[in-house]
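Colleague: I am new to this one. Could you show me the structure and take me through some of its parts?

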Amino acid sequence: MRAKAAQPMLSRMVQAQCPLCGGTGWQLVERGDADGQRTLQRKDPANGAPSRSPKPTYAIPCECSKADRASRNLARARIPRRYEHCDFENFEIDVWEGGPEGAGWDRSLAQAKVVVQAFARNYPASGESGLLLMGPCGVGKTHLAVAALRELMRRGHDARFHDYRELLKELQASYDPDHPVSEMGVLEPVLKAEVLMIDDIGASKPSPWALDTIGHILNKRYNDNRITLLTTNYLDRSEAEPVIPRMPSGEKLAIAREDTLIDRLGQRVRSRLYEMCRTVEIFAPDYRREIRHAGRIRS
């Protein structure tokens, strides 16, 4: 508990020492002259009075509060702390070495970055669609999607992050009459966010309720022309059929087939995603498992 309280106190101490705002968090800026120039009205540190004749001014957020505002914006968008660092600059694309296979993996990472970065740069563009990032665990899908969210937030767009499983749990909990948040209290910001990111869609075992719920969310956002970014570990097809070994009796051993995205979401929801999202497949090994250099763990 003490650790949590220390951060705001430190923030207040830093702001109190700010020569521009004197701890208020606001700077006074002179209104533009005829030539459109404006200058900051600084205070005399000796007596706190303006250093020259005052002119009409207005207040703007002080530079010293930028870090706090950025942190609040991340919290409002519900971006987990684990992903707060994710941006396009620190997404690595020259990772795998050794032969054409490694070059192909790096090329896949680079192509995915180009597509997602272009989406963020061009948003909002006429006829823009969302993105569905598909690929194995640990290839950077969440990193890229969060980087896009952060870029849009920096430009003033409303964005929101939800983990698929946690969203379903929140909705289930809201059915309890004693729960402080109603079902619509959970759903409304999900439906109305300008840009919504759903991470790890399909991660929960499909049930009629789960499929109806995600189908409703996606249909509503599609009909309202709102942009949705999604990530998933499930592909549209199974891996190549393996060679199935036989027992001495000649009977084939049973080998479980990996689920596809249709298996996890159903044909109707997958069809909707084709309409509302551009599919971006990333083919590379699990970065977190294969490369464990400190400070290089990819989301």
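Colleague: At what angle do helix H6 and helix H7 pack, and how far apart are their axes?

Modeller: Please note that this is a predicted model. Helix H6 (residues 183-192) and helix H7 (residues 208-223) pack at an angle of about 40°, and their axes are 9 Å apart. H6 and H7 are therefore oblique to each other.

Colleague: Is the crossing of H6 and H7 right-handed or left-handed?

Modeller: The crossing of H6 and H7 is right-handed.

Colleague: Which residues make the contact?

Modeller: On H6, the contact is made by Leu-187, Val-190, Leu-191 and Lys-192. On H7, His-216, Ile-217, Lys-220 and Arg-221 take part.

Colleague: Let us turn to the sheet. In what order do the strands come?

Modeller: The order is E4-E5-E6-E3-E7, five strands forming an open sheet with parallel pairing. Strand E4 (159-163) and strand E7 (277-281) stand at the edges with a single partner strand each, so one side of each has no neighbour in the sheet. From one strand to the next, the twist averages 15°.

Colleague: Which helix packs on the sheet there, touching E4 and E5?

Modeller: That is helix H5 (residues 164-174), whose direction makes about 85° with that of E4.

Colleague: What about strand E3: buried or exposed?

Modeller: Strand E3 (residues 130-134) is mostly covered, as five of its five residues are buried. Gly-130, Leu-132 and Met-134 point one way from E3, while Leu-131 and Leu-133 point the other way.

Colleague: How many bridges join E3 to E7, and how many pair E3 with E6?

Modeller: Five bridges join E3 to E7, and E3 pairs with E6 over four. Both pairings are parallel. Gly-130 has Cys-277 as its bridge partner in E7, whereas Met-134 has Thr-232 as its bridge partner in E6.

Colleague: And how many bridges join E5 to E6?

Modeller: Strand E5 (residues 195-199) is joined to strand E6 (residues 227-232) by four bridges, and the two run parallel. Val-195 stands opposite Ile-227 in E6.

Colleague: A last topic, helix H4. How many residues has it, and what span does it reach?

Modeller: Helix H4 (residues 141-154) has 14 residues and reaches 20 Å from its first C-alpha to its last, close to the 20 Å expected.

Colleague: Why is H4 described as largely enclosed by the rest of the structure?

Modeller: Because 11 of the 14 residues of H4 are buried. Among them are Lys-141, His-143, Leu-149 and Met-153. Just after H4, Gly-156 takes a positive phi of about 95°.

Technical notes
Residues are numbered from 1 along each chain as its sequence is written. This is a predicted model: local features need pLDDT of at least 70, side-chain atom pairs count only at pLDDT 80 or more; totals for chains, interfaces and linings use all residues. Side-chain values use heavy atoms; hydrogens and water are left out. The expected span of a helix is 1.5 Å times one less than its number of residues. Buried means under 20% relative accessible area, exposed over 50%, partly exposed in between (1.4 Å probe, protein chains only). Two strands pair if DSSP finds at least two bridges between them. Axes are lines fitted to C-alpha atoms, for helices over the stretch in contact, and angles run from 0 to 180 degrees between N-to-C directions. Contact means heavy atoms within 4.5 Å. Angles under 35 degrees count as roughly parallel, over 145 as roughly antiparallel, 65 to 115 as roughly perpendicular and the rest as oblique. A crossing is left-handed if the near helix is turned anticlockwise from the far one by less than a right angle, and right-handed if clockwise.
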